[in-house]
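Hi,

Here is the structure I promised to pass on. Have a look at it first, and then read on for what turned up.

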Amino acid sequence: MYNFQDFLDVIKTLRSENGCPWDREQTHASLKQYMLEEAYEAVDGIQAYEETGDYTNLQEELGDVLLQVVLHAQIAAEEGYFTIADVINGICEKMVRRHPHVFSTGTAGADTPEQVVELWEKEKKKEKKEETLSDALQHVAKAYPANVRAEKVQKRAAKYGLEFESAQQVFGKVTEELAELREAVNQGNERMDEEFGDLMFSMINLSRFLGLNAENSLTNATNKFINRCVGIELLSHEREKELGQMSAEEIDALWQSIK
């Protein structure tokens, strides 16, 4: 069975003069999209396990994520910046530093998951020297999916008092933003994009107040839509018709029957 050192040697060989032309020409920039894709596919693997209990896909996808980590480390090593050993050392140091309740004596304990998160954020804030609201917001990664980034920004702003007092107030804000979007659409002006963004931002805020995960809610809604589309297509085939040949009224009737 191969081990981790074997894997490092494989990647080093692929990047060598006698290795693979594709692997040799990759850079940190060219690999960005693959890092994102493999991370999303790993999440798919987790969801597949939750639904079926089968770990097979998750194991494979974690390997693909590891491939990206090692490729980036190999490129950095070739450029003389850092090695995979530095990456491992850095994450070990971080985990020890952010868990003083486990690895350090004479420190405050953390007996619940909530206390652990609070301690983690406190240590993280010290590391990143986040002393102001501006620091806290500007350190939120720009590469996050927009929904995730919006939620993180809102949570950090809330710690500095920039927060609604109740979900009812947020509902009011959503209604206000929807009205402004309608106005922009009716006027056909350039504010449509801005107003649509404001509405989405307010909806993310509402999801926080309702204790929901906006990303999960949208994923579930998308899956429901897909399942219903598959359902109405099956029904149309049972009636020996293609969806493209059916009227809007017929399709709506199928949709209502699926719901």
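Glu38 counts as buried because its relative accessible area is 14%; buried means under 20%, exposed over 50% and partly exposed in between, with a 1.4 Å probe and protein chains only. Between the C-alpha atoms of Glu38 and Asn216 there are 19 Å, with 178 residues separating the two along the chain.

Before going further, some housekeeping. This is a predicted model, where local features need pLDDT of at least 70, side-chain atom pairs count only at pLDDT 80 or more, and totals for chains, interfaces and linings use all residues. Residues are numbered from 1 along each chain as its sequence is written, and side-chain values use heavy atoms, with hydrogens and water left out.

**The overall picture**

The C-alpha trace spans about 65 × 50 × 40 Å along its principal axes. The radius of gyration is 25 Å, whereas a compact globule of 259 residues would be near 18 Å (this radius is taken over C-alpha atoms, and the globule rule is 2.2 Å times the number of residues to the power 0.38). As for burial, 22% of the 259 residues count as buried.

**Salt bridges**

Side chains of opposite charge can pair when their charged atoms come close. How many salt bridges are there? The count comes to seven, taking a salt bridge as a side-chain nitrogen of Lys or Arg within 4 Å of a carboxyl oxygen of Asp or Glu. Here are three of them to look up.

- Lys155 pairs with Glu151, and their closest N and O atoms are 3.4 Å apart. Both sit in helix 9 (residues 146-158), four residues apart, about one turn of the helix. Lys155 is partly exposed because its relative accessibility is 44%, while Glu151, at 16%, is buried.
- Lys173 pairs with Glu176, with 3.2 Å between the closest N and O atoms. Helix 10 (residues 167-187) holds both of these residues, three residues apart, again about one turn of the helix. Lys173 is partly exposed at 25% relative accessible area, and Glu176 is partly exposed at 37%.
- Glu195 pairs with Arg191, the closest N and O atoms being 2.6 Å apart. Glu195 is buried, since its relative accessible area is 4%, but Arg191 is partly exposed at 30%. Salt bridges with shared partners also link Lys173, Glu176 and Glu177 into one network.

**Surface patches**

Patches are made of residues with over 30% relative accessible area and no salt bridge; like charges are joined within 9 Å, and nonpolar side chains (Val, Leu, Ile, Met, Phe, Trp, Tyr) within 5 Å. Areas come from the Shrake-Rupley method with a 1.4 Å probe, and for residues only the protein chains shown count as cover.

Which residues make the nonpolar patch? They are Phe4, Leu66, Val69, Tyr81, Phe82, Val87, Ile88, Ile91 and Met95, and the patch covers about 750 Å². Helix 4 and helix 5 (84-97) each supply at least two of its residues, and helix 5 gives the most, with four. One to click on is Val87, which is in helix 5 and counts as partly exposed because its relative accessibility is 33%.

There is a negative patch too, formed by Glu37, Glu41, Asp44 and Glu60. Asp and Glu count as negative and Lys and Arg as positive, with His and the chain ends not counted; a charge is placed at NZ of Lys, CZ of Arg, CG of Asp or CD of Glu. Helix 3 (residues 32-52) provides the largest share of the negative patch, three residues. Glu60 belongs to helix 4 (residues 56-78) and, at 49% relative accessibility, is partly exposed.

Finally, Glu240 is not a glycine, yet has a positive phi of about 55°. Glu240 is in the loop between helix 12 (214-238) and helix 13 (248-258) and counts as exposed because its relative accessibility is 74%.

Best wishes
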